[in-house]
Structures are given as C-alpha cells and as structure tokens.
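Please look over the sequence and the model first.

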Amino acid sequence: MEALLKAYLPYLAGTLAGLLVALAISGLLTLHGIPQLMLFALLPAIGGAVVERVFQHRSD
C-alpha cells in the first residue's frame, strides 16, 4: 500500500499545484460559468500529468 502511495505522490502534488494555479487565475480574472469549469477541469489534470512525467524522466 505504501509503495502505491509513493507512486501516486508526484501526480497528487502536480494536481494540487494545478488546482492552486486554477484558483489564482480564476480569482485574478474573475471567471464564471463555463470558462471557470474548464479551468478547474483541465489545470489540475495537466499539472498532475506534467509533474508525474518530469518525476519519471528524472528517475530514469
């Protein structure tokens, strides 16, 4: 179980970073409706994928 959590840790960190960026952008631009939903749907997923890929690249 612990090894599984370690494997997902980079993705979770990237997701959290993406969520924080989405919050910041949404607050700065005062987005509402569909643009805000798209921002909160895409940025955490993209952030998680990017951080996970960078982590895997560095560990190889």
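A crossing of two helices is called left-handed if the near helix is turned anticlockwise from the far one by less than a right angle, and right-handed if it is turned clockwise. By that rule, the crossing of H1 and H2 in this predicted model is right-handed. Two packed helices are described by the angle between their axes and the distance between the axes. Here the axes of H1 and H2 come within 7 Å and cross at roughly 145 degrees.

**Overall form**

The protein chain has 2 helices and 0 strands. Along the principal axes, its C-alpha atoms fill a box of roughly 40 × 25 × 15 Å. The radius of gyration of the protein chain is 14 Å, whereas a compact globule of 60 residues would have one near 10 Å. Of the 60 residues, 15% count as buried.

**Helix H2 and its cover**

Helix H2 runs over residues 34-59. Which residues of H2 are buried? They are Leu39, Pro44, Gly47 and Gly48. Helix H1, residues 2-29, is included in what covers the buried residues of H2.

**The contact of H1 with H2**

On the H1 side, the residues that meet H2 include Pro10, Tyr11, Gly14, Gly18, Leu19, Ala22, Ile25 and Ser26. On the H2 side, Gln36, Leu39, Phe40, Leu43, Pro44, Gly47, Gly48, Val51 and Phe55 are among those that meet H1. By class, this contact has 15 nonpolar, 7 polar and 1 charged residues. An α-helix has 3.6 residues a turn, so residues three or four places apart point the same way.

**Single residues**

| Residue | Relative accessible area | Class |
|---|---|---|
| Serine 26 | 8% | buried |
| Glycine 33 | 44% | partly exposed |
| Valine 50 | 47% | partly exposed |
| Threonine 30 | 53% | exposed |

Serine 26 lies in helix H1. Leaving aside its neighbours within four places in sequence, serine 26 is in contact with Leu31, Gln36, Leu39 and Phe40.

Threonine 30 is placed in the loop between H1 and H2. Most residues other than glycine have a negative phi. Threonine 30, a residue other than glycine, has a positive phi, near 45 degrees. With a relative accessible area of 53%, threonine 30 is exposed.

Glycine 33 also lies in the loop between H1 and H2. How far is the C-alpha atom of glycine 33 from that of serine 59? The two atoms are separated by 40 Å, and the residues are 26 apart along the chain.

Valine 50 belongs to helix H2. Valine 50 and proline 10 are 40 residues apart in sequence, while their C-alpha atoms are 9.3 Å apart in space. Proline 10 is one of the H1 residues that meet H2.

Definitions and conventions. Residues numbered from 1 in each chain as written. Predicted model: local features only at pLDDT ≥ 70, side-chain atom pairs only at ≥ 80, totals over all residues. Heavy atoms only, no water. Helix = DSSP H or I, 4+ residues; strand = E, 2+ residues; numbered from the N terminus. Expected span 1.5 Å × (residues − 1). Buried < 20%, exposed > 50% of the residue type's maximum accessible area, 1.4 Å probe, protein only. Contact = heavy atoms within 4.5 Å. Axes fitted to C-alpha atoms, helices over the stretch in contact; angles between N-to-C directions. Nonpolar A, V, L, I, M, F, W, Y, C, P; charged D, E, K, R; others polar. Rg over C-alpha atoms; globule rule 2.2 N^0.38 Å.
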